[in-house]
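Trainee: Please take me through this structure, strands to begin with.

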Amino acid sequence: MKSLAAILVQTGCPLELVDLDIPALKAGQVLVEVTTSGVCHTQVLEARGYRGEDRFLPHCLGHEGVGIVRDLGSDITKVKQGDRVILSWLKGSGADMPGTTYQWSQGAGGVRTVNAGGVTTFSELSVVSENRLTILPPGVPLNQAPLLGCAIPTGVGAVLNAAAAKPGNSIAIFGCGGVGLCAVAGAKAAKCQPIIAIDINPAKLALAKQLGATHTIDSGKHPVFEAIAEICRSGVDYSIEATGRPDVMRQALQSVRARGGTAVVIGNARFGEKLEIDPQQLNQGKRLLGTWGGDSEPDRDMVRFGELMRTGELDLSPLLASADSPHRYRLPDINKALADLESGSCVRPMIEIGSGEKK
C-alpha cells in the first residue's frame, strides 16, 4: 500500500510530493486516512531550518488534523476501525510508540528511508501512535475540527488552563495568528473583559474582533503600553504571547499588572534566540509562565473544548476560510500554504487531503 505525502528532504527547500510505502503496523500503531490537516508555524520553522540542525531528514511533517481509522496494530483499545479521530502532537492515553519509518522508492536511485514522528498529517495515510489520537467529540463542526489537534488546545488552553482566567479578568493577546486567535476565542468563552488583541496586520485584528476581542491595537502604528494603559490603567490581569518573538515576550510581561499579573508564553522562538527580561518586572510580583500545548490533556480537554464548540460558546468559524476560498488547499499546494502562512496572508491554512469515504 502506498500513500502520497509531502516530505521535507532538505531544510530551506520546498517540500516534495512523493509516494511512500506503508509499513506493517506494530503494536500500539494505528493507520489513519487523513481527511484534513491544519498547517502550523512550527512546520514553517522546520521547513525553513529555523529550528536548528535537523537530524531526521528526510521526514514527514504535520501535527494537527482529523481523519478516519483504517487499520489497527495489536493491543489497540482506544479507537476502532471507522472512528473519526483528532490527530495531535499532544500525548494522551494509549500506547506511546516511537516514530515510524516509510520507504520511498526513487527508481534508479534506489530506496530511501523517510522518518516520521508519533504523528504526521501531510499525507493521505499516516501511521500514528495510539496516544496521539482522540475520538472526535460529537457535534463539533467538521471544518473547525482539525484545530483541535494544536491551535485550540494551545491557544484556548493557554487562557483556560495555564492562565486559569475567570469572568471579568482583563487579558491581552499578543499576536493574532491561528493560535493567538484561538486564545481570543478562549478569552471570550471565559467571559474575560476587556479582551485586547494586538498585531501589526489589520486583517488579523479584524478577525480578532469577530472572535471576541473588545479592543484591538495595531502595534505598528501605536505604542502598545500607552494603548493598553488607556484601557486598563494598571495593566491587564493576564497576557498571552503568541508570536514567538522574544521582544514581544518582554512586552507581554511588561503589560500585566503588578502583584499578580501573569504573562503566558506560547510562541516558539527561532533556534538560538534568547529572552532577556528586567528582573524588576518579577520583583513587582508579576509572573512569567511557559506552557506545553496550553497545559491541555487530550483525554480531558478535547471533550471539554468540543462541548464548547458544539454549543457555540467557542466559535472559530471566522478564523477559517469558506470552502471556496483560496486559503483552502490540496496536498499538492502544500508549499503555497506554507508560504501564505509565513507571509501572513493566511491565518491557518487547511489542507484537504482525503474524502473520508469508506475504503
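Trainee: Which residue in β6 is the bridge partner of Val-66?

Mentor: Ile-86 is the partner of Val-66 in β6. Please keep in mind that this is a predicted model, in which local features need pLDDT of at least 70 and side-chain atom pairs count only at pLDDT 80 or more, while totals for chains, interfaces and linings use all residues. Residues are numbered from 1 along each chain as its sequence is written, and side-chain values use heavy atoms, with hydrogens and water left out.

Trainee: How many bridges join β5 to β6?

Mentor: Five bridges join β5 to β6 (residues 84–88), and the two strands run antiparallel. Strands pair here if DSSP finds at least two bridges between them. The elements themselves are DSSP runs numbered from the N terminus: helices are H or I with at least four residues, and strands are E with at least two.

Trainee: And what about β3 and β5, how many bridges there?

Mentor: Seven bridges join β3 (residues 29–38) to β5, again antiparallel. Val-66 of β5 is the bridge partner of Thr-36, and Val-66 is also partnered with Ile-86 of β6.

Trainee: Why is β5 described as largely enclosed?

Mentor: Seven of the nine residues of β5 (residues 64–72) are buried, so the rest of the structure largely encloses this strand. Buried means under 20% relative accessible area, exposed means over 50%, and partly exposed lies in between, with a 1.4 Å probe and protein chains only.

Trainee: Back to β3, then. Is Val-30 buried or exposed?

Mentor: Val-30, which lies in β3, is buried, with a relative accessible area of 0%. Leaving aside neighbours within four places in sequence, its contacts (heavy atoms within 4.5 Å) include Val-69, Asp-71 and Leu-72, as well as Ile-76, Val-79 and Val-128. Val-30 and Gln-81 are 51 residues apart in sequence, yet their C-alpha atoms are 9.2 Å apart in space.

Trainee: New topic: β7. Which residues are on its covered face?

Mentor: Tyr-102 and Trp-104 form the covered face of β7 (residues 101–105), whereas Thr-101, Gln-103 and Ser-105 form the uncovered one. In a regular strand the side chains alternate between the two faces of the sheet.

Trainee: What does β7 pair with?

Mentor: β7 is joined to β2 (residues 16–21) by two bridges, running antiparallel, and Leu-20 has Trp-104 as its bridge partner in β7. β7 also pairs with β8 (residues 111–115) in the antiparallel sense, over five bridges; there, Gln-103 is partnered with Thr-113.

Trainee: What sits between β7 and β8?

Mentor: Five residues lie between the two strands, which form a hairpin, and Gly-107 in the turn has a positive phi of about 65°.

Trainee: Which other residues have a positive phi without being glycine?

Mentor: Ala-164, with phi near 55°, is one of them; Ala-164 is placed in the loop between α2 and β11 and is partly exposed, at 27% relative accessible area. Lys-191 also has a positive phi, about 65°. Lys-191 is in the loop between α3 and β12 and, at 52% relative accessibility, counts as exposed.

Trainee: Where are the cis peptide bonds?

Mentor: One joins Leu-57 and Pro-58, with omega about -15°; Pro-58 is in the loop between α1 (41–48) and β4 (59–60). Another joins Gln-193 and Pro-194, with omega about -5°, and Pro-194 is in the loop between α3 and β12.
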